[in-house]
Amino acid sequence: MLRIQSPEGTRRVDIDNLAVTRELFEKVLNAFETIEYPFRLYGRRDKSQEIASSDTKTLASYGLKHGDMIFLSPIAGAVQRVEQPTGNGKAKNEISNTSLSVSTPTTSMPGSKIPARSTVDEDQVDLLLQKMDGTVKRKRDPKNCLHGENSSCIHCLPLEPYDASYLKDLNVKHMSFNAYLRKLSSGLDGGKYANLDNISCRIKPGCTGHPPWPKGVCSKCQPKAITLNSQPYRHVDNIVFENPNLVEQFLHYWRVTGRQRIGFLYGKFDVHLDVPLGIKGIVAAIYEPPQESTRDSVRLLPDSRQSLVDRLAAKLGLSCIGWIFTDLVAEDVSKGTVRNFRNAETHFLSAQECVMAGHFQSLHPNPCRFSSDGYFGSKFVTVCVTGDAQNQVHMEGYQVSNQCQALVRDECLVPTKDAPELAYARQSTAEKYIPDVYYKVSEIFC
């Protein structure tokens with residue numbers, strides 16, 4: 001009897017001491033239902049005495065005795081079980097290494113089992129973050145750590161990048177997207193059943209079981225109802241400008257005319273060290289497209305130079321990473337103060353601005369090899385220049401959730417005229433089906 005220790009637990013196998021090691025491998029494979037070949041067997045815990053699969057070497061040649069412990073270590077590979085007839089007409093299971101051929105190549109991120117599409121050309125910052133460990137290192141606590149310098153305990157072990165208490169101490173309300181991916185793969189299943197599916201509010205085409213909408217719809221083609229929830233992650237964690245003169249030049253138009261202005265942000269994404277596995281957008285230039293503006297509104301005009309600007313930016317290693325707009329009303333010209341009317345009591349972004357942000361985010365999807373569509377969400381940011389609580393010119397960065405992005409893309413959401421902070425979910429018509437949209441409201445009754 002030999003004991004086999006593996007990451008899945010310990011099993012016992014009964015085998016003759018003069019049997020060849022290949023038979024040992026077969027018995028070990030049958031003993032563990034969740035472990036597949038290839039794997040390696042070692043006579044020592046430190047993997048210093050490997051037991052090779054052979055048709056000539058016996059267990060006795062490795063010095064194995066009754067009750068010995070053998071250590072199993074899985075390795076990367078594939079398996080094929082072949083039924084081959086033996087001389088007496090019976091079939092015998094044999095294991096041979098093979099290479100699996102699949103139509104869509106897949107890979108996995110370090111420390112993760114989430115299936116991935118290797119054909120997606122992801123952003124360089126995502127590729128860099130996927131290679132990083134991401135854990136938050138902690139120093140030895142002199143009060144609680146009672147061990148030596150070379151040991152560790154629960155008080156000084158590294159924290160995961162999605163640790164809720166650590167993010168709360170940093171005043172980070174939403175974890176980074178790459179930390180969210182690590183969280184999906186942290187369970188016992190290793191993220192095997194985690195889905196990164198984009199939300200769709202449209203009827204699936206090609207359903208032949210009934211007449212097309214509005215004469216018929218079924219559960220197979222009908223989009224699911226949407227319940228509005230707070231998104232636990234964000235695709236971009238910080239926005240910085242390479243030069244403060246960029247904003248000053250952009251605000252010059254408002255200071256001269258008093259009219260609002262819109263611009264597109266060109267820059268690149270990089271690692272944000274203040275948030276675990278975070279991403280920051282670095283703005284290098286602001287492009288102001290043709291537009292008609294008033295004191296209260298801005299209307300973008302057709303731009304024939306947009307493609308030229310994109311090509312020039314690409315040659316400089318830049319891309320369009322967001323948009324910026326002003327909502328400024330002067331309060332005291334002599335002091336240079338502005339009004340503060342965007343806060344928790346009113347709104348931070350109007351419904352019209354959320355619709356605009358969702359539209360731009362849909363035009364700039366985020367490449368993601370962990371999604372079946374090859375993209376998930378967006379890194380496109382929204383920057384609003386308005387007055388803060390001290391009546392000073394202030395900038396705030398935003399992104400709408402994937403739910404809002406999908407509702408805007410599928411033309412389910414429109415702004416309201418009388419209440420800028422409220423949006424309206426359209427009703428289904430004969431031309432277009434709109435799924436139900438639910439939300440929760442917390443009210444305090446005195």
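Some ground rules. Residues are numbered from 1 along each chain as its sequence is written, and side-chain values use heavy atoms, with hydrogens and water left out. Because the model is predicted, local features need pLDDT of at least 70 and side-chain atom pairs count only at pLDDT 80 or more, while totals for chains, interfaces and linings use all residues.

Now the terms. We work on a 1 Å grid over the protein atoms alone. A cavity is a set of points where a 1.4 Å probe fits but cannot get out. A pocket is an open set with protein on both sides within 12 Å along at least five of seven lines. Lining residues have an atom within 4 Å of a point.

Of its 50 lining residues, Cys354, Tyr398, Gln399, Val400 and Ser401 are the closest to its centre. S24 (393–398) is among the elements that supply at least two lining residues; helices are DSSP runs of H or I, at least four residues, and strands of E, at least two, numbered from the N terminus. S24 gives the largest share, four residues.

Helix H2 (124–131), helix H4 (177–184) and strand S21 (365–367) each give two or more residues. H4 gives the most, three.
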